[in-house]
Amino acid sequence: MRARPLAISCVSTAAAVIITMIAACTPGPLSAPKQATPMNKPVALNSDPSSGTLESARRQLTGTWDLVALESAPQGDDARVPVKASGTLVYDDYGNLTIDAHTTDAAAPVAAREASILSFKGRAVLDVPHSELKLMELTGNVDPNEVLAPERRRKYAIHDDVLVLSSFNERGQVTAIATWKRRG
């Protein structure tokens, strides 16, 4: 006689579980969310002023650039010397940077004159708040200890179709300034 109340109890428990599972599977809203933060302080998506800053900087830098001026200060002196050089800089959508530069100018750094053609590829990591560009994973015919040390800081500035890259030594002194014009 005790089996009947146990069977009824099991059936009612199973029914409760099934009803709970069905209720838990109801669909959510069909429209895209309009808010990205908790509802107690809603903020519209992409309304943060810093949103997209890195992407914007990458879009500005993406493309092919021609070298229009190069100045060198090998000892980190204030007096920079113009260097006759030509070259191409390419920055792609994936952060890859390729530079080919040519010079035989006596004012160029020794390693640049010896190579006469500097060619390298690598990753360019942008630090937007500080306007810095760091070169990583370099390959090519460049001696990174003499000409383009990857750990050397570089500042960048983009004005319209002109890109200025300044290289700094460990003391923060400018060692080279390269000015590039967007090809187009």
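A salt bridge is counted here where a side-chain nitrogen of Lys or Arg lies within 4 Å of a carboxyl oxygen of Asp or Glu. By this rule the structure holds five salt bridges. The model is a predicted one, in which local features need pLDDT of at least 70 and side-chain atom pairs count only at pLDDT 80 or more, while totals for chains, interfaces and linings use all residues. Residues are numbered from 1 along each chain as its sequence is written, and side-chain values use heavy atoms, with hydrogens and water left out.

**The whole chain**

Begin with the protein chain in a cartoon view. Three helices and nine strands are present; these are DSSP runs numbered from the N terminus, with helices (H or I) of at least four residues and strands (E) of at least two. In sequence order the pattern reads α-α-β-β-β-β-α-β-β-β-β-β.

Next, display the surface. The accessible surface of the protein chain is about 12,400 Å², and carbon and sulfur atoms account for 58% of that area; the areas come from the Shrake-Rupley method with a 1.4 Å probe, and for residues only the protein chains shown count as cover. Of the 184 residues, 26% count as buried, where buried means under 20% relative accessible area, exposed over 50%, and partly exposed in between (1.4 Å probe, protein chains only).

**Stop one: helix α2**

Select Arg59 and Glu55, which form a salt bridge with their closest N and O atoms 3.7 Å apart. Both belong to helix α2 (residues 53-61), and because they are four residues apart there, about one helical turn separates them. Arg59 is exposed at 54% relative accessibility, whereas Glu55 is partly exposed at 40%.

**Stop two: Arg80 and Glu71**

Move to Arg80, whose side chain meets that of Glu71 in a salt bridge of 3.0 Å, N to O. Arg80 is partly exposed, with 36% relative accessibility; Glu71 is also partly exposed, with 31%.

Select strand β3 (residues 86-91) together with β4: the two run antiparallel and are joined by six bridges. Strands are taken to pair if DSSP finds at least two bridges between them. Gly87 stands opposite Ala101 of β4. Four residues lie between the strands of this hairpin, and Gly95 in the turn has a positive phi of about 85°.

Now show the side chains of β4 (residues 96-102), which alternate along the strand.

**Stop four: from β6 to β7**

Select Glu132 and Lys155, whose side chains form a salt bridge at 3.8 Å, N to O. This pair links distant parts of the chain, since Glu132 is in strand β6 (residues 132-140) and Lys155 in strand β7 (residues 154-159), 23 residues apart. Glu132 is buried at 19% relative accessibility, and Lys155 is partly exposed at 27%.

**Last stop: the nonpolar core**

Which residues have the most contacts inside the largest nonpolar core? They are Leu61, Leu89, Leu126, Leu133, Tyr156, Leu163 and Trp180, in a core of 20 residues. Such a core is a set of buried Ala, Val, Leu, Ile, Met, Phe, Trp, Tyr and Cys residues joined through side-chain atoms within 4.5 Å. Strand β5 (residues 117-127) gives the most to this core, with three residues.

Finally, centre on Leu133. Leaving aside residues up to four places away in sequence, Leu133 touches Leu61, Ala124, Val125, Leu126, Arg154, Tyr156 and Leu165, a contact being heavy atoms within 4.5 Å.
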